[in-house]
Amino acid sequence: MAQEKISKLIGLFADKIEESDAILITAGAGMGVDSGLPDFRGVEGFWRAYPIAKKLGLRFEELANPYWFEKDPHLAWAFYGHRLNLYRKTQPHRGFKILLNLPYPKFVFTSNVDGQFQKAGFHPGKIVEIHGSIHYLQCTLPCREEIWENREEIEIDMENFRALNLPKCKFCGRVARPNILMFGDWNFVEVRVNRQLLNFEKWLAEMEGKKITIIEIGAGKAVPTIRRLGEKLRRQMGATLIRINPREPEGGDIPIPLGALSALEFLEMELKKRGVIE
Ligand SMILES: NC(=O)c1ccc[n+]([C@@H]2O[C@H](COP(=O)([O-])OP(=O)(O)OC[C@H]3O[C@@H](n4cnc5c(N)ncnc54)[C@H](O)[C@@H]3O)[C@@H](O)[C@H]2O)c1
Ligand SMILES: [Zn+2]
């Protein structure tokens, strides 16, 4: 896109930030791409990240399914264990810090299960992880409505895509699974996400009548949870929706057709120029 058009959009983006009383950051898998994480856009995208899944003929929706924890837990944990190890060693890119330093009350709402916002220093009480978190475990049954922190080290034979060890439920000894909402999932333990949602409702109530700007980053259309949320709050609360996405930025108030990191670095530059941040 022409430099001139980008500068204009970044200018509008900065105007909206300056006018805000509060900022809601909403994010999908695209937020992690500049940290080196894969998104799962389309079946081809998923298979690029997991060539072995292509060999097995399994799409994301099929592999991210509680069924495998019963049928073949070593396969299920190869997938989730690999992601766990990957998310643990990943450092959030600088865009997270830029967001963190915006001088406004902030809340994060994400469908990512990677824990990168916490790692970047966002307040855990101001985050909703609507699809759960890979850093927590629950029983596959579940034998009780409880979750616990995932401190397991999972070793994986990547050639055969098998986990070499399996985490167990600390109450009943069955195989444990990540506290992540999967496809066709009736067993997801919701205690943590429900607590987070209460925090979010409280925050929204405090922001009643104030100007909220939503910065949506890297949210796709396949599982449109994040996009829908922004569109709903825009309608219901008159929030402004900034949509950062290099491929599908349309549908909000200001479409920014860039990757997360470069869009946020442009914003930072503009806000520094205006003296909004140092
Ligand atoms: N890191 C994670 O936790 C993770 C990773 C993959 C998938 N998931 C799960 O899979 C589902 C996938 O839905 P989704 O919409 O989050 O992901 P998605 O893969 O369907 O879409 C990703 C979006 O990010 C955009 N994108 C690509 N590169 C980008 C960049 N550099 N900067 C900004 N945007 C970029 C793409 O154009 C696309 O619209 C969700 O349920 C999510 O929970 C989570
Ligand atoms: Zn159990």
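Which residues come nearest to ligand 1? Of the 28 residues around ligand 1, those that come nearest are G28, G30, G218, G220 and G259; a residue is near a molecule if its C-beta atom, placed from the backbone, lies within 6 Å of it. This is a predicted model, in which local features need pLDDT of at least 70 and side-chain atom pairs count only at pLDDT 80 or more, while totals for chains, interfaces and linings use all residues. Residues are numbered from 1 along each chain as its sequence is written, and chains are lettered from A and ligands numbered from 1 in the order in which they are written.

**Overall form**
- The protein has twelve helices and eleven strands, taken as DSSP runs (helices H or I, at least four residues; strands E, at least two) numbered from the N terminus.
- Its radius of gyration is 19 Å, close to the 19 Å that the globule rule gives for 278 residues, so the protein is as compact as a globular protein of that length. The radius is taken over C-alpha atoms, and the rule is 2.2 Å times the number of residues to the power 0.38.
- Along the principal axes, the C-alpha atoms fill a box of roughly 55 × 40 × 30 Å.
- Of the 278 residues, 42% count as buried (20 or more other C-beta atoms within 10 Å of a residue's own, with C-beta atoms placed from the backbone; exposed means 12 or fewer, and partly exposed lies in between).
- Among contacts between residues at least 6 apart in sequence, 69% join residues at least 24 apart; a contact requires C-beta atoms, placed from the backbone, within 7 Å.

- Helix α2 (residues 30-33) gives the most to the shell around ligand 1, contributing three residues.
- The shell divides into twelve nonpolar, ten polar and six charged residues. Ala, Val, Leu, Ile, Met, Phe, Trp, Tyr, Cys and Pro count as nonpolar, Asp, Glu, Lys and Arg as charged, and the others, Gly among them, as polar.

**The parallel sheet**
- Six strands form an open sheet with parallel pairing, in the order β3-β2-β1-β9-β10-β11; two strands pair if DSSP finds at least two bridges between them.
- β3 (127-129) and β11 (254-256) stand at the edges with a single partner strand each, so one side of each is left without a neighbour in the sheet.
- Neighbouring strands of this sheet are turned by 15 degrees against each other on average, direction ignored.
- Strands β1 (residues 22-27) and β2 (residues 106-110) run parallel and are joined by five bridges; L24 stands opposite F107 in β2.
- Helix α1 (residues 3-19) packs on the sheet, where it touches β9 (212-217), β10 (240-244) and β11, and its direction makes about 125 degrees with that of β11. Axes are lines fitted to C-alpha atoms, for helices over the stretch in contact, and angles run from 0 to 180 degrees between N-to-C directions.

**The antiparallel sheet**
- Three strands form an open sheet in the order β5-β4-β8, with antiparallel pairing. The edge strands, β5 and β8, each pair on one side only.
- Neighbouring strands here are turned by 50 degrees against each other on average, direction ignored.
- Strand β4 (residues 132-139) is mostly covered, with eight of its eight residues buried.
- β4 pairs with β8 (residues 176-180) over five bridges, and L137 stands opposite P178 in β8.
- β4 pairs with β5 (residues 147-149) over three bridges, and the bridge partner of Q138 in β5 is I147.

**Residue L63**
- L63 is found in helix α5 (residues 60-63) and counts as buried because it has 22 C-beta neighbours inside 10 Å.
- Not counting residues up to four places away in sequence, L63 touches A53, L58, W68 and F79.
- The C-alpha atoms of L63 and F183 are separated by 8.8 Å, although the two residues are 120 residues apart along the chain.

Definitions and conventions. Two residues are in contact if their C-beta atoms, placed from the backbone, lie within 7 Å.
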